[in-house]
Amino acid sequence: MNRVDGKVAIVTGGGSGIGRASSRLLSEAGAEVVVTDIDGDAADETVAEIADAGGSAVAIQHDVTSEAAWETVIAATLENFGSFHVLVNNAGVGGGAQLFEDTPFEMWRQVMSVNLDGVFLGTQQAVKVMRQAGGSIVNISSIMGMVGGANAAYNASKGGVRLLTKSVAVYCGSNGLPIRVNSIHPGYIWTPMIEKIASYIPGGTEQDVRDLLTPRHPIGRLGEPIDVAKGVLFLASDDSSFMTGSELVIDGGYTAV
Ligand code: NAP
C-alpha cells in the first residue's frame, strides 16, 4: 500500500469531499500531506482524521485565487518537509443554476478564478519547485470539461483545466523537466457540492438529486469521493510513470453513452 512513501503532497480544497478523501488516501499510502482549504477549520478536521488514522499532515488556510497565498503555502511546505513531489489542484466551486442569459458576469469571473486561475497559479508554482527533483501534478477537471452542459461557466473552467494540463505536460516534457501533469474527469460524486443541487429544485431533497443524476451513470450509482481519490493516488504514484497530459475519466460510464 505504500505507493507514495516518502513523497510530500499538497491537496487544495482538502477540507471536503474529493479533496478530503484524496488527502486521507495519500496519507494511508505513505505521503506527508499538506491539506489546504479556504475553510481553515475544514482543513484542520481533515488533518485530525489523518492523525487519528496514524498519519502525518498539516493544515493551511488557503485561497487558491491568491498568488501571494500560494507563495505562503509553498514556503510553509518547504519549511516543514524540505521539498514536495505531488500537487493535487482540487479546490473548486460549482457556480449557480441560472440560465445562461442570466449568468452574472461576477459569477462567471468567480468560477473562472477558483477553478481555472487557481489551477494555473498552483501549477506554475509547482513547476518552479519540481523542475529539478521532479513530481506529479494532478488537476481535478470534470466530465463537464469534456462535454457541454447547462452551467457554461463551470464547463468552460473545467475545459480550460483539461487543456492547461495538456499544455503544461507538453511544456515539461519537451523541456526535459521530470514533471508529469494529468487531469481527472469525475462524473457526479456525492459531495457537498452535489448535495447543494437539492436547493435548486423547489422543495427538492437529496433523494431527488440522486434520482435525477443516477440514471445518467450506466454503472447504476453516483460516485463516492474515494472513487476519485483512488485515481488521484494512481496519478500521484510511480504506477502512472508513463502518463502525462492524460485524461483519467472516472465517471461510471457517463461519457460512454
Ligand atoms: P466540495 O465538497 O465543495 O469541496 C471543494 C472544497 O474546495 C471546499 O472545501 C471548498 O470550500 C473549497 N474551496 C472553494 N473555493 C476555494 C478557494 N478559493 N480556495 C481554496 N479552497 C476553496 O466539492 P467536491 O465535489 O469535493 O469537488 C472537488 C473538485 O472536484 C472540484 O474542483 C470540483 O469541481 C470537482 N468535481 C466534482 C464533481 C462532483 O460531482 N462532486 C464532479 C467533477 C468534478 P467551501 O466549501 O468553503 O467553498
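Predicted model: local features only at pLDDT ≥ 70, side-chain atom pairs only at ≥ 80, totals over all residues.
View 1. A backbone N or O atom of Ile-18 is 2.8 Å from a ligand oxygen atom, while for Ile-38 a backbone N or O atom is found 3.3 Å from a ligand nitrogen atom. Residues are numbered from 1 along each chain as its sequence is written, and side-chain values use heavy atoms, without hydrogens and water. Local features need pLDDT of at least 70 and side-chain atom pairs count only at pLDDT 80 or more, whereas totals for chains, interfaces and linings use all residues.

**View 2. The shell around the ligand.** Of the 27 residues around the ligand, those that come nearest are Ser-16, Asp-37, Tyr-154, Ile-189 and Thr-191, where a residue is included if one of its heavy atoms lies within 4 Å. The shell is made up of 14 nonpolar, ten polar and three charged residues, with Gly counted as polar and Tyr and Cys as nonpolar. Helix α6 contributes the most to this shell, with three residues; helices are DSSP runs (H or I) of at least four residues.

**View 3. Packing of α4 and α5.** Helix α4 (residues 105–130) packs with α5 at an angle of about 15 degrees, the axes being 8 Å apart; axes are lines fitted to C-alpha atoms over the stretch in contact, and angles run from 0 to 180 degrees between N-to-C directions. The two helices α4 and α5 are therefore roughly parallel, a term for angles under 35 degrees.

**View 4. Packing of α1 and α8.** The axes of α1 and helix α8 (residues 225–236) cross at roughly 50 degrees and come within 8 Å, which means that α1 is oblique to α8.

Key: Polar contact = N/O pair within 3.5 Å; in protein donor to acceptor, adjacent residues only side chain to side chain. Parallel < 35°, antiparallel > 145°, perpendicular 65-115°, else oblique.
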